[in-house]
Amino acid sequence: MQLINYIISRCKISLKSIQSTIELLNEDCTIPFIARYRKEKTGNLDEVEIGLIVQLKEAFEILEKRKKTIIKAIEEQDALTDELKNKIDKTENITALEDIYLPYKKKRKTKAETARKNGLEPLAKMILSQRINDLEFTASKYKNKEVSSEEKALEGARHIISEWINERTDVRNNIRKELARFSVINTKVVKTKKEEENAQKFKDYFDWNESFSR
């Protein structure tokens, strides 16, 4: 992905103006200087428009740098395939990029990891397939020194399944959409600060809530 394409797909500024502005930024020109003294080169862009180009340029550079780090990390695990590399290269959103990397990210010790070490991953796969007729009997086959009961086996399998679901990009995106649609932002005043002079300018928000979508 190229910088120019990234920027032009996210704003309504002309290609020529974007190219000229980037050239000036690369020459260490400041936003006020470009807006005041390089109007003929940028097509009369104002400071807000130039600032938007700066923000998008920085976002692109952060994204590309992160891609390189992620590709290197997955390579070191001998897990990088051509398909995965291509998927990373084409990603244009930092959140989506982190979702792709999530299954490969080094994790702190988790309950799911412990359950896998205790041999419960095959049980988790069977539960997820929903093809078990007698769950308790199947779980009893996975009892061992570390797993003392059927319930312990099932609990460990659930931890593994939870981790798998958490790492699914489609699930994470659906949750984000639901949060964007239905979540509510609430604010409450800190009682010990309520009477302070600086707090009064925010008194409309002492007990306030509003839909996130608004």
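The structure is a predicted model. The chain holds twelve helices and two strands, and its radius of gyration of 26 Å is well over the 17 Å that the globule rule gives for 214 residues, so the chain is more spread out than a compact globule.

**Overall architecture**

- Read along the sequence, the pattern of elements is α-α-α-α-α-α-α-α-α-α-α-α-β-β.
- The C-alpha trace spans about 80 × 60 × 25 Å along the principal axes of the chain.
- Of the 214 residues in the chain, 27% are buried.
- When contacts between residues at least 6 apart in sequence are considered, 56% of them join residues at least 24 apart.

**Surface and charge**

- The chain exposes about 15,400 Å², and carbon and sulfur atoms supply 50% of this area.
- The side chains include 43 positive and 37 negative ones. The centres of these two sets lie 2 Å apart.

- Ile88 is in contact with Lys67, Ile70, Ile71, Ile74, Leu97 and Ile100, leaving aside its neighbours within four places in sequence.

**Thr42, a buried residue in a helix**

- Thr42 belongs to helix H4, which covers residues 39–42.
- Thr42 counts as buried because its relative accessibility is 0%, and the limit for a buried residue is under 20%.
- Beyond residues up to four places away in sequence, Thr42 touches Ser17, Ser20, Thr21, Leu24 and Ile34.

**Glu121, a partly exposed residue in a helix**

- Glu121 is placed in helix H9, which covers residues 121–129.
- The relative accessibility of Glu121 is 26%, so this residue counts as partly exposed.
- Glu121 and Ile70 are 51 residues apart along the chain, and their C-alpha atoms are separated by 26 Å.

**Asn186, an exposed residue in a strand**

- Asn186 is part of strand E1, which covers residues 184–188.
- With a relative accessible area of 52%, Asn186 is exposed, since the exposed class begins over 50%.
- Asn186 is in contact with Trp208 and Asn209 when neighbours within four places in sequence are left aside.
- Although Asn186 and Phe212 are 26 residues apart in sequence, they are 9.6 Å apart in space, C-alpha to C-alpha.

**Residues in loops**

- Most residues other than glycine have a negative phi. The next two residues should be read against that background.
- Asp78 is not a glycine, yet it has a positive phi of about 55°. Asp78 is placed in the loop between H5 and H6, and at 74% relative accessibility it counts as exposed.
- Gln130 likewise is not a glycine and has a positive phi of about 60°. Gln130 is found in the loop between H9 and helix H10 (135–140), and its relative accessible area of 72% makes it exposed.
- Thr110 lies in the loop between H7 and helix H8 (111–117). Its relative accessibility is 25%, so Thr110 counts as partly exposed.
- Thr110 and Thr187 are 77 residues apart along the chain, and 33 Å separates their C-alpha atoms.

Key:
Residues numbered from 1 in each chain as written. Predicted model: local features only at pLDDT ≥ 70, side-chain atom pairs only at ≥ 80, totals over all residues. Heavy atoms only, no water. Contact = heavy atoms within 4.5 Å. Helix = DSSP H or I, 4+ residues; strand = E, 2+ residues; numbered from the N terminus. Rg over C-alpha atoms; globule rule 2.2 N^0.38 Å. Buried < 20%, exposed > 50% of the residue type's maximum accessible area, 1.4 Å probe, protein only. Areas by Shrake-Rupley, 256 points an atom, 1.4 Å probe, with all protein chains shown as cover. Lys, Arg positive; Asp, Glu negative; His and termini not counted. Charge placed at Lys NZ, Arg CZ, Asp CG, Glu CD.
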